[in-house]
Amino acid sequence: MTRDVLAIFEAVRCRLFERLEGLTDDEYLWEPVGDSLSIRPGADGVFRVAEPIPESAPGVPDPVATIAWRSWHIGSLCLRGYVLNCFDDVPELGDRHAWPGTATGGVQALAEDWERFVSRIAALGDKRLVEPMGRGPGGWADETYLALTVHALDEVAHHGGEIGLLRDLYLRAGSHRVGPQQSALVAPPVQPNGS
């Protein structure tokens, strides 16, 4: 069972990291709309996520996030967070709100968090994979590591797919970008006949 889970993680990793190949800093930090979730430099020059988990409100669309924010979300919030909260003997992993401000650094940090999580899952073995974790935030202590792994795959699939879409939009926005990191997605003009 562990072997199958790891094979799925490897297939997902290959697909996500293939989509991240050639990512530029402009693309990584591109904000398709003005109020995009992102990482931004603080007074100390360190890039940090400003809003880790935005609150949803009725009648208000959820915010759009940059590739940088989604990479942080997968790597630091999810995968690194799972290691810190659900496994023993974890070294200090630093400020979880800090994230590299460059595409190369962000992809590298994501790869490191990915490896850290997957290596912990690999070390469990089949028996421990399906036993309750015995630790974790909220009700996670009663869940199995298999449930955590499926949840991690869901997060990666969800946010990884959005990273792919952001790359596609960035490449197609072309002349509609209004700055190196800002963009206005401009709708095509409406034809008089409604088409």
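Q: Which residues form one aromatic cluster?
A: The cluster consists of Phe9, Phe17, Tyr82, Trp114 and Phe117. This is a predicted model, in which local features need pLDDT of at least 70, side-chain atom pairs count only at pLDDT 80 or more, and totals for chains, interfaces and linings use all residues. Residues are numbered from 1 along each chain as its sequence is written, and side-chain values use heavy atoms, with hydrogens and water left out.

Q: How many aromatic pairs are there by the ring rule?
A: Rings of Phe, Tyr and Trp (its six-membered ring) pair if their centres lie within 6.5 Å; planes under 30 degrees apart are stacked, over 60 edge-to-face, and the rest tilted. The count by this rule is seven.

Q: Why is the pair of Phe9 and Trp114 called edge-to-face?
A: The ring centres are 5.7 Å apart and the planes stand at 75°, so Phe9 and Trp114 make an edge-to-face pair. Phe9 is in helix H1 (residues 2-20) and Trp114 in helix H4 (residues 103-129), 105 residues apart; helices are DSSP runs of H or I with at least four residues, strands of E with at least two, numbered from the N terminus.

Q: Why does Phe9 count as buried?
A: Buried means under 20% relative accessible area, exposed over 50%, and partly exposed in between (1.4 Å probe, protein chains only). Phe9 has 1% relative accessibility, so Phe9 counts as buried. Trp114, at 3%, therefore counts as buried too.

Q: What does Phe117 touch, leaving out residues up to four places away in sequence?
A: With contact meaning heavy atoms within 4.5 Å, Phe117 touches Phe9, Leu79, Tyr82, Val83, Phe87, Leu148, Thr149 and Ala152.
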